[in-house]
Amino acid sequence: MSPEQKAVFQTLKQEFVAKLDSGEFMTVSNALSATVRMQQVTCGYLPLEDGTYQLFPNTRLEALEAWAEQMEDEKVVIWCRFLDDAKIIMKHFGKKCVDLSGNVDSAERIVSKNRFIDDPEVKYAVGTPDASGTGTDGLQQVCNRAIYYSNSYNSILRQQSEDRTSRLNGEATFFYTDLVCKGGVDKKILKNLQGKKDLAKLTLDDVRKMFEDDDE
């Protein structure tokens, strides 16, 4: 994170921990929802109450670009938690990219999927797991790589999105890459995903322990 990002992130984190300690968060769902703003800061922006955004240097996008350049001519599915992330990536890659996110309707997602499969000029498909994690079949015909630009805590959505680029017979090799912001919430999210922990079974103490860990 840039110094400006770190300052805003730490302020949000301190407010979050204070609310945990005060008992203001009554449910795990409410607590984890409050981490969204911290994650958005590490994605290069913070939505403000007036509908505008506070913008930061987006090193996450720079990391995505560097990683994508190494893939040369391979097609890649890029998964995002936030619709704003999908918009940023679509703008960045332009004609090389199609939209499978919740920013477009289901009919347009079908058109985009077919372009990704059939058009050699289209290298990237940007999706959000809640919109395209299921029902978007055929991507594995041309793609065995997925990169997770940002994740949610929902392990079911993660598994469903992984299945979009895995071979049904299990004979092929497929790859998943996660972008992780040092000092952010990404490691905490991944730890939950890797353990396939059911959010309904987490307690507020579990959430508190996650944020007691030092990811610096």
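Modeller: With the word contact, which here means heavy atoms within 4.5 Å. Keep in mind throughout that this is a predicted model.

Biologist: Which residues is Phe16 in contact with, leaving aside its neighbours within four places in sequence?

Modeller: Phe16 is in contact with Phe25, Ala31, Ala34, Thr35, Met38, Val207 and Phe211. Phe16 is buried, at a relative accessible area of 3%.

Biologist: How do I read aromatic pairs, and how many does the structure hold?

Modeller: Look at the distance between ring centres and the angle between planes; planes under 30 degrees apart count as stacked, over 60 as edge-to-face and the rest as tilted. The structure holds four aromatic pairs. In one of them, the rings of Phe16 and Phe25 have centres 5.4 Å apart and planes at 45°, so this pair is tilted. Phe25 counts as buried at 12% relative accessibility. Tyr45 and Tyr53 form an edge-to-face pair, with 6.0 Å from centre to centre and 75° between the planes. Tyr45 is buried, with a relative accessible area of 2%, while Tyr53 is partly exposed at 39%.

Biologist: Rings can also lie under a charge. Where is the charged end of Arg60?

Modeller: The charged end of Arg60 sits over the ring of Tyr149, 5.9 Å from the ring centre. In another case, Arg158 lies over the face of Tyr148, at 3.6 Å from the ring centre.

Biologist: Next, helices. How do I find the buried side of one?

Modeller: An α-helix has 3.6 residues a turn, so residues three or four places apart point the same way. In α10, the buried residues are Val207, Met210 and Phe211. Seen down the axis of α10, its buried residues fall within an arc of 90°, so they line one face of the helix. These buried residues pack against α1, α2, α3 and α9. On the face turned away from the buried side, α10 carries the exposed residues Lys209 and Glu212.

Biologist: Which residues of helix α8 are buried?

Modeller: In α8 (residues 155-163) they are Ser155, Arg158, Ser161 and Glu162. Down the axis of α8, its buried residues fall within an arc of 125°, so they too line one face of the helix. Their cover includes β3, α7 (129-132), β6, β7 (175-178) and α9.

Biologist: Now the strands. Are the faces of β3 covered or open, and which strands does β3 pair with?

Modeller: Both faces of β3 are covered: Val76 and Ile78 on one side, and Val77 and Trp79 on the other, are all buried. Strand β5 (residues 124-127) runs parallel to β3 and is joined to it by four bridges; Trp79 stands opposite Gly127 in β5. Strand β6 (residues 145-148) also pairs with β3 in the parallel sense, over three bridges. Here Val77 stands opposite Ala146.

Biologist: What surrounds Val77?

Modeller: Val77 lies in β3 (residues 76-79) and is buried, with a relative accessible area of 0%. Not counting residues up to four places away in sequence, Val77 touches Phe116, Ala125, Leu139, Cys143, Arg145, Ala146, Ile147 and Thr165. The C-alpha atoms of Val77 and Ile147 are separated by 6.4 Å, although these residues are 70 apart along the chain.

Biologist: Last, the backbone. What should I look for in phi?

Modeller: Most residues other than glycine have a negative phi. Glu72 is not a glycine, yet has a positive phi of about 50°. Glu72 is placed in the loop between α4 (59-70) and β3, and is exposed, with a relative accessible area of 59%.

Note on methods:
Residues numbered from 1 in each chain as written. Predicted model: local features only at pLDDT ≥ 70, side-chain atom pairs only at ≥ 80, totals over all residues. Heavy atoms only, no water. Helix = DSSP H or I, 4+ residues; strand = E, 2+ residues; numbered from the N terminus. Buried < 20%, exposed > 50% of the residue type's maximum accessible area, 1.4 Å probe, protein only. Pairing = 2+ DSSP bridges. Phe/Tyr/Trp six-rings, centres within 6.5 Å; stacked < 30°, edge-to-face > 60°. Lys NZ or Arg CZ within 6 Å of the ring centre and 35° of its normal. Arc of directions from axis to C-beta.
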